[in-house]
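Let's take a friendly walk through a protein model together. Have a look at the picture first, and then we will go through it step by step.

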Amino acid sequence: KAQYRDILLGAGLLWATLALVLWPEQSMEAMRDGLRLCGNVILPSLFPFFVLSSLVVELGMSRYLGKLLEPVMAPLFRVNGNCAAALALGFIGGYPVGARTAIQIYENGQCTRTEAERMLAFCNNSGPAFILGVVGAGVFGSGTAGLLLYLAHLLASLTVGALFRFYKPREGPQTVRSRGPQFQTVSFPRAFTSSVTGALQSTLNICAFILFFTVFLRILASAGILEALGRLLSVLLAPLGMDQTWAERLLTGLVEVSSGVSSLTDGALSGRLSMAAFMLGWAGVSVHCQVLAFLGDSGLSASTYVAGKLLHGTISAVLVRLLFQAV
């Protein structure tokens with residue numbers, strides 16, 4: 001198995017090298033597009049929330065929130081109140097703020113491993129700025145469409161959280177320490193400096209994955225591989241009425257969510273909304289790699305995270321279809 005793995009990896013690296021030689025202009029243009037995305041969207045939107053989430057955890061404010069929200073978090077999601085910070089920041093901060101906050105809460109000893117894995121399944125969500133602004137107003141040209149997608153996104157996330165309360169059911173939520181919330185676990189200067197530098201490092205890591213997958217998708221398209229995979233997928237999904245164009249859009253969204261939703265510019269509105277909802281819930285391989293980078297040596301399982309995102313995308317698509325028919 002190791003030999004086969006090395007052969008496949010070597011062939012893949014050789015093909016990547018040849019692709020960069022054969023399509024240098026396309027690769028450079030994709031890199032410029034990725035840099036514009038990082039500079040205009042990713043850095044301005046994520047960096048402040050990364051600093052905020054680090055300060056919330058480092059200064060012990062998550063424990064204070066835990067005391068207040070324990071009656072809600074425990075019965076609904078089977079996690080202690082400390083995890084409320086990851087849920088709240090995940091809803092407003094966008095990928096991958098919620099996942100990063102959940103991992104930090106676990107590493108600071110404010111929740112158990114099982115609770116952190118439950119949170120990873122549903123706290124890593126798209127932010128309102130991306131769904132309402134980029135997707136709703138930009139792609140669909142409608143604030144109503146963006147609101148519909150965001151509502152379905154939130155409801156699906158909460159549904160996944162309620163379902164994952166049955167993950168390892170024998171392990172209940174950890175009780176928030178009875179001696180009261182700790183408002184400050186470290187000095188503010190130390191927490192502030194570490195939060196700012198850590199947030200910048202985390203944001204640069206995210207930008208690195210976005211740049212890589214932007215170039216990767218552009219090369220696949222230039223080489224005709226994306227078209228061939230789309231043709232194959234359209235044959236497999238023919239019973240669902242999916243043609244090659246929609247299959248290529250789906251493949252793009254499975255890899256990188258922003259590129260996927262940006263391709264949904266024509267076609268039936270209900271189908272575009274449903275596919276956009278699935279892409280936003282699934283989040284894309286690029287976002288998953290960002291979360292895996294944060295997992296590092298934490299010991300947390302990535303399987304619950306991936307299963308939760310797949311379930312999130314499926315439920316979001318169903319909810320959007322139902323809401324669209326209702327209105």
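A polar contact is a pair of N or O atoms within 3.5 Å; within protein, one atom must be able to donate a hydrogen and the other to accept it, and residues adjacent in sequence count only if both atoms belong to side chains. With that in hand, you can look at Y305 and H288, whose side chains are joined by a polar contact of 2.9 Å.

A word on how to read what follows. This is a predicted model, in which local features need pLDDT of at least 70 and side-chain atom pairs count only at pLDDT 80 or more, while totals for chains, interfaces and linings use all residues. Residues are numbered from 1 along each chain as its sequence is written, and side-chain values use heavy atoms, with hydrogens and water left out.

**The whole chain**

The protein chain has 15 helices and 0 strands. Both kinds of element are DSSP runs numbered from the N terminus, with at least four residues (H or I) for a helix and at least two (E) for a strand. Along the principal axes, the C-alpha atoms fill a box of roughly 65 × 45 × 40 Å. Of the 327 residues, 47% count as buried; buried means under 20% relative accessible area, exposed means over 50%, and partly exposed lies in between, using a 1.4 Å probe and protein chains only. Among contacts with a separation of 6 or more, 78% come from residues 24 or more positions apart, where contact means heavy atoms within 4.5 Å.

| Residue | Helix | Relative accessible area |
|---|---|---|
| V160 | α8 (residues 143-163) | 0% |
| Y305 | α15 (residues 303-326) | 0% |
| T203 | α9 (residues 188-223) | 0% |

Which residues does V160 touch, not counting those up to four places away in sequence? They are A121, F122, G308, L311, H312 and I315. By contrast, V160 and G267 are 29 Å apart, C-alpha to C-alpha, and 107 residues apart in sequence.

Y305 also has neighbours from elsewhere in the sequence: leaving aside those within four places, Y305 is in contact with L120, A121, N124, V287, H288 and V291. M275 is 30 residues from Y305 along the chain, and their C-alpha atoms are separated by 21 Å.

For T203, the contacts beyond four places in sequence are I42, L43, F47 and F50. The side chain of T203 also reaches the backbone oxygen of A199, at 2.7 Å.

H288, the polar partner of Y305, is one of the buried residues of helix α14 (residues 285-295). Just after α14, G296 takes a positive phi of about 50 degrees.

Most residues other than glycine have a negative phi. What is phi for A283, a residue other than glycine? The angle is near 80 degrees, a positive value. A283 sits in the loop between α13 (269-282) and α14, and A283 counts as buried because its relative accessibility is 0%.

R78 is not a glycine either, and has a positive phi of about 60 degrees. You will find R78 in the loop between α3 (61-77) and α4 (84-93).
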